Amino acid sequence: MILLAYLLLSMGKLTGQSVLYQWMNVVGAAGFTVNGWWHGALPSASLNVIWMLIGGVALWRIAQRKGSSTSAM
């Protein structure tokens, strides 16, 4: 999922501020987190938790901007 998100970003199909791009990163990181935890690769799992948090913060900021732009109307 993360690789597909990066491919779409690199091809100009998505932007870094795209909700879809950020969700693809969050879901992909969640999968890697579970896989890392399952196999005892805790550094990898920890890194992907951070990756998910970054995506979550980006989604929150995107939602805040959309909320403030609709309330200004």
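Tutor: Of the protein's 73 residues, 26% count as buried, where buried means under 20% relative accessible area, exposed over 50% and partly exposed in between (1.4 Å probe, protein chains only). This is a predicted model: local features need pLDDT of at least 70, side-chain atom pairs count only at pLDDT 80 or more, and totals for chains, interfaces and linings use all residues. Residues are numbered from 1 along each chain as its sequence is written, and side-chain values use heavy atoms, with hydrogens and water left out.

Now the fold. The protein has three helices and zero strands, in the order α-α-α. Helices (H or I, at least four residues) and strands (E, at least two) are DSSP runs, numbered from the N terminus. The C-alpha atoms fill a box of roughly 50 × 25 × 10 Å along the principal axes.

M1, V19, W23 and V27 make a nonpolar surface patch of about 380 Å². Patch residues have over 30% relative accessible area and no salt bridge; like charges are joined within 9 Å, nonpolar side chains (Val, Leu, Ile, Met, Phe, Trp, Tyr) within 5 Å. A salt bridge is a side-chain nitrogen of Lys or Arg within 4 Å of a carboxyl oxygen of Asp or Glu. M1 sits in the segment before α1 (2-10). M1 counts as exposed because its relative accessibility is 51%.

How values were computed. Accessible areas come from the Shrake-Rupley method with a 1.4 Å probe; for residues, only the protein chains shown count as cover.
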